[in-house]
Each structure stands twice: as structure tokens, then as C-alpha cells.
Amino acid sequence: MKHTALLSLLLAISGCAALNSGHYLTDVQKTVQAVPSGKTLLVVPLMGETLYIHTIGITVFGNSIDKLKTPDFGISNYVAGVIKTEAGKYNKFNIKTPSQKELKRLNTEMSPENPIKISGLLDLAKAQNTPYLLVVRDRGPGLTGYGVSTRGIFDHHWSTLYCMEKMTLYNVSNGHQLVSTVAIKGLKMPLNSMPEKPKGYTKEKLSATEKGILVLAKKATEDNLQQLGLIGYFASHTGK
């Protein structure tokens, strides 16, 4: 059942557009706009280093999830760069990120069995005198992080790359969560182009997968930033 829902979700999001393209403020954007401009925001992307490989069989007995470590993808550093570049065009926040070494440590240590505790990230923000914290996680409804979902029928295999991000804004002084948004992006791949198991990911396959995932990560990041009102129409009209 979980895999069937996953496939339906991936097929639905392959062509989804950014939310709130109209000129009206959502409740989330109102909350963000209520934060005084010019404050420092610590951005901590925690997208992990694992590619999830979902295989959906003809029956539930053919379903499986495999994991492949991909530290060289550097998705968290990439997402940090996208946020600094895109949201940095407006002066709603003075954006800071941890050092690449610190970000690497956090992402290497995290796992579903050993999730990063928000209290530790709030302490990190306090140590850097940043009043607001934006955490980008590899979690969301029905999916984890980034990966590929493949459904096979006889010798035909249909695959979709995906990337999911959850952004949460915190007030560091009291630890309260202010708002949270989720974005997921998908990309349908050519027939029979993606391996069903980790051992099938050659250097060339990994390189092609990395390029696709980074494209989706950028789109998901921009979608979340738009939902927060940190880029786009309201950022240009009210963030300055």
C-alpha cells in the first residue's frame, strides 16, 4: 500500500508548479513577513547522504527499498548555496550558513536511526548570535530525502527521480517553530534507464543521477522559498 501511494504521488508531482503564484499572502507568508526585516537567519540544510531506491513490483511481495550512500553529491551544501543566492537577492534576512566542514559533519552523522535533534541546532544558532533558524530536512509525507522509484512489468521499467525538502523556520530565543513548508519535485526518466538495485549504479549512472537530483533540489528549494515568501512577488515588494 505504501509503495502504491508513493508511485501515485510521484506521478502526480512530476509536473507540479510552484504554489501561490497569485498576488495574495498565505498564512505562512504572513507569519514570515511579520518577522522584522534585517535579522540574521542561520540556514542549516540536512538533506543527508543517502539515495533511496524504491522498487515497486507487480504485487506487494515485489516491493523493496534499498539505500546507497552518496556523500559526493553534496546536496546540503548545494541547497545552502541556492538559498543564499536566491533569498539573498532580497534583504528580508541576513543569511548565514555553517561552514562546509560543520555542514558535512552534521549530514554525515544523521540517519533515520540517529536524527539530528533540533535542540542542538538551536544551540548552534545561539552560539552564532543568530535570532532565527531555517532547517531544511530530507523528510516529508510518504517520502524521505531524494532517490528513485522504479516500477517494473516484465522487461519494462518506468522510473522517476524525486527530491523532497521540508523547511522549518524557528525563533531561536524561545525555540518555537514559526512555520513549515514542504516541496517535492519529480522527473520521469527514459524507459529502462535506472537500475533497480544499488549494485547497478556505475560511475556513469551515479553521475547522471546526481545531475538530475541537483536539478530537482534546486526546484524544491525555490518552491519552498516561494511558499515562505522569501523569493518572488512578495519578497520583491515587502522584503525590502
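Among contacts (heavy atoms within 4.5 Å) in the chain between residues at least 6 apart in sequence, 76% join residues at least 24 apart. This is a predicted model, in which local features need pLDDT of at least 70 and side-chain atom pairs count only at pLDDT 80 or more, while totals for chains, interfaces and linings use all residues. Residues are numbered from 1 along each chain as its sequence is written, and side-chain values use heavy atoms, with hydrogens and water left out.

The chain has seven helices and ten strands, these being DSSP runs numbered from the N terminus (helices H or I, at least four residues; strands E, at least two). Of the 240 residues in the chain, 48% are buried, a term for under 20% relative accessible area with a 1.4 Å probe and protein chains only.

Helix H4, residues 100-109, has Leu103, Leu106 and Asn107 buried. These residues lie on the same side of H4 because they cover an arc of only 95 degrees around the axis, taken from the directions from the helix axis to the C-beta atoms. The buried residues of H4 pack against strand E1 (39-46), helix H3 (75-87) and helix H5 (118-127).

Helix H6 covers residues 203-228, and its 26 residues should span 38 Å at 1.5 Å a residue, which agrees with the 37 Å between its end C-alpha atoms; the expected span is 1.5 Å times one less than the number of residues. After H6 comes Gly229, whose phi is positive, near 80 degrees.

Notes: Buried < 20%, exposed > 50% of the residue type's maximum accessible area, 1.4 Å probe, protein only.
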